Amino acid sequence: MDIIIDNIDHIGEAAQQFIDNLPAGNVFAFYGKMGAGKTTFIKALCQKLGVEDEVTSPTFAIVNEYQAGDQCPTPLIYHFDFYRIKRLEEAYDIGFDDYIDSGNLCFIEWPELIEDLLPEDATSVSIEEKEDGSRIVSF
């Protein structure tokens with residue numbers, strides 16, 4: 001499925017469309033170039049799923065945990081950013097397996113750096129920036 005985000009003002013509608021068509025599973029691997037809008041889209045998803053805390057990129061912490069609202073199928077959302085990871089063992093060190101086995105939603109940025117650890121049923125989500133500044137979210 002493709003979702004087109006014409007501009008940032010429509011990101012909330014795009015996030016809701018994604019949620020309305022949420023594939024089975026709890027692990028979502030977000031692929032895209034630097035600046036494509038992965039973090040921005042995940043922030044919009046979290047807002048639509050009832051997260052009241054500020055959603056920020058976990059670039060330095062590697063993982064952020066958010067309490068989800070009633071509109072979310074799980075009580076927690078884990079947001080990962082593996083951009084700075086140097087070795088696969090670092091993912092093991094933070095207990096990555098425990099997070100993905102928890103059943104809670106897991107949104108992962110830069111999953112290509114830990115692909116060997118992703119479950120087979122992980123949903124690949126691609127975010128591509130077009131020349132006109134719009135984005136296409138494909139999953």
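I began with the cysteines, taking a disulfide to be a pair of cysteine sulfur atoms within 2.5 Å. The model is a predicted one, where local features need pLDDT of at least 70 and side-chain atom pairs pLDDT 80 or more, while totals for chains, interfaces and linings use all residues. I number residues from 1 along each chain as its sequence is written, and side-chain values use heavy atoms, without hydrogens or water.

**Cysteines**

I found zero disulfides. For C72 the closest cysteine sulfur is in C46, 8.2 Å away, so a bond is ruled out by distance. C106 is in no disulfide either; its nearest cysteine sulfur, that of C72, is 11 Å off. I then looked up burial (buried is under 20% relative accessible area, exposed over 50%, partly exposed in between; 1.4 Å probe, protein chains only). C72 is buried at 10% relative accessibility. C106 is buried at 0%.

**Aromatic rings**

I paired rings of Phe, Tyr and Trp (its six-membered ring) with centres within 6.5 Å; planes under 30 degrees apart are stacked, over 60 edge-to-face, the rest tilted. The count came to 13 aromatic pairs. I looked at F18 and F30: their centres are 6.3 Å apart and their planes at 35 degrees, so this pair is tilted. F18 sits in helix α1 (residues 11–20) and F30 in strand β2 (residues 27–31), so the pair ties together parts 12 residues apart in sequence. Helices (H or I, at least four residues) and strands (E, at least two) are DSSP runs, numbered from the N terminus. Next came F30 and F107, with centres 5.8 Å apart and planes at 90 degrees, so that pair is edge-to-face. F107 is in strand β5 (residues 105–109), 77 residues from F30, so I noted a link between distant parts of the chain. F18 and F30 are both buried, and F107 is buried too. One aromatic cluster takes in F18, F28, F30, F41, F107 and F139.

**G50**

I placed G50 in the loop between α2 and β3 (63–67). How accessible is G50, buried or exposed? At 16% relative accessibility, G50 counts as buried. I searched for contacts (heavy atoms within 4.5 Å). Beyond its neighbours within four places in sequence, G50 touches Q67, A68, G69 and Q71. The C-alpha atoms of G50 and Q71 are 6.3 Å apart, although the two residues are separated by 21 residues along the chain.
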